[in-house]
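Subject: Structure handover

Hello,

Here is the structure for you to look through. Please open it first, then read my notes below.

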Amino acid sequence: MLNPADEDFLRSVNLSIFVTSAIVGLLALALGSLLFRQITAPLGALSRAAGAIADGDLGRRVEVRSDDEIGRVARSFNRMAESLAQADAQRQNMMADIAHELRTPLTVIQGNLEALMDGVYDLTPENIAAVHRHTVVLSRLVADLRDLALAEAGQLRLERKPISLAQVIAQVSEGLEAQAREKGVTLKIEASDALPPVEADEQRIAQVLFNLMSNALRHTSSGGTITTSAELRDGRVLTSVRDTGMGIPPEDLPRVFERFYRADRSRARATGGSGLGLTIAKQIVEAHGGQIWAQSWLGAGSTFAFSLPLSGSGIPSSAPRPRHICPQCGKVTESDWRLCAYCGASLIG
């Protein structure tokens, strides 16, 4: 049996243990709450920011406070939000550009037709031809927009086969010869018929070359030269279009393949194209598994070049697509779409 002194000592020890345990427990609870808050607070901020972006607030960002996994998630979230904001801005700019480009020829057509109806203009072949020229411009713009939409959606149909780039270059140059002669520009070709064939859609590659060469022709003054060459390099055929124009400013060069972008802001559609030619060329080349780029020197001209894989290099051909007969225009459309590629009528039924 313990004496009173031993009992007092035992009670003091038990009390010390209880107090120490309580203090340690409270401290652990406080530290755990702090750690839990540090983990859940960034996740809560991410959740609120995600909700804000879902509601349309694309300017919402989260604060990055650490370099751990949560910090990396926050940085990735901010990059995603920035990409969404840029994509939305590009979409809005594109819609504004499309409206502007469509309004110009439509306004001219409407004004000319009203003048013809009111008797201000005589109903002569010349005045009718003026209206027709603007309808051609409008049709070309709509066709460019359609090609661009198909290419960006990955639905641009390519009929791949071995083709000779030298022959395609010659055909496109021949088509632009009269325009170049009228402007006083010399077209030169540096391509050997002995070049190996490339696996490509001949009409689409001709469209790329036409866009590049006509763009060079617009920016080359009288007495200048446009040289189109093709050569074998590193297992691919490299094609380039060089002009002796004024060149492109360095700050504009990275943006030349953007939709509706013109380095010279003063150029109207009648003289500066639709602003879609280079964008479409880029999409077509990349759809073939190739690359396209531009180089320029102020006062010394520009070079636009693209490379394509050789025939038989393993690039798969386009898969066959369903064939539909349009009930309205009667033309055959090979497409996964449910609309006619020629008149836009429904192919269902």
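Is Arg233 buried, partly exposed or exposed? Arg233 is partly exposed, because its relative accessible area is 43%. Buried means under 20% relative accessible area, exposed means over 50%, and partly exposed lies in between (1.4 Å probe, protein chains only).

A word on the source. This is a predicted model, in which local features need pLDDT of at least 70, side-chain atom pairs count only at pLDDT 80 or more, and totals for chains, interfaces and linings use all residues. Residues are numbered from 1 along each chain as its sequence is written, and side-chain values use heavy atoms, with hydrogens and water left out.

The whole chain

The chain has seven helices and nine strands. These are DSSP runs, numbered from the N terminus: helices (H or I) have at least four residues, strands (E) at least two. Of the 349 residues, 33% count as buried. Now take contacts, meaning heavy atoms within 4.5 Å. Among contacts between residues at least 6 apart in sequence, 62% join residues at least 24 apart. The chain exposes about 21,200 Å². Carbon and sulfur atoms supply 57% of that area. Accessible areas come from the Shrake-Rupley method with a 1.4 Å probe; for residues, only the protein chains shown count as cover.

Salt bridges

Side chains of opposite charge can pair when their charged atoms come close. A salt bridge is a side-chain nitrogen of Lys or Arg within 4 Å of a carboxyl oxygen of Asp or Glu. The whole structure holds nine salt bridges. Here are some of them.

- Glu231 pairs with Arg233, with the closest N and O atoms 2.9 Å apart. Glu231 is partly exposed, at 36%.
- Glu159 pairs with Arg157 at 2.6 Å, N to O. Glu159 is partly exposed at 47% relative accessibility, and Arg157 is partly exposed at 30%.
- Lys282 pairs with Glu286 at 2.8 Å, N to O. These two are separated by about one helical turn, because they sit four residues apart in helix H7 (residues 277–287). Lys282 is partly exposed at 26%, and so is Glu286 at 39%.

A charged residue without a bridge

Look next at Asp201. It lies in the loop between strand E3 (198–200) and helix H5 (202–218). Asp201 is buried yet has no salt bridge. The nearest side chain of opposite charge, Arg204, is 5.0 Å away. For charge, Lys and Arg count as positive and Asp and Glu as negative; His and the chain ends are not counted. What does the side chain of Asp201 reach? It reaches the backbone nitrogen of Glu159, at 2.8 Å. Leaving out residues up to four places away in sequence, Asp201 touches Arg157, Leu158, Glu159, Arg160 and His288.

A buried serine

Ser302 is in strand E7 (residues 301–309). It counts as buried because its relative accessible area is 5%. The side chains of Ser302 and Ser296 make a polar contact at 2.8 Å. A polar contact is a pair of N or O atoms within 3.5 Å; within protein, one must be able to donate a hydrogen and the other to accept it, and residues adjacent in sequence count only if both atoms are side-chain atoms.

Best wishes
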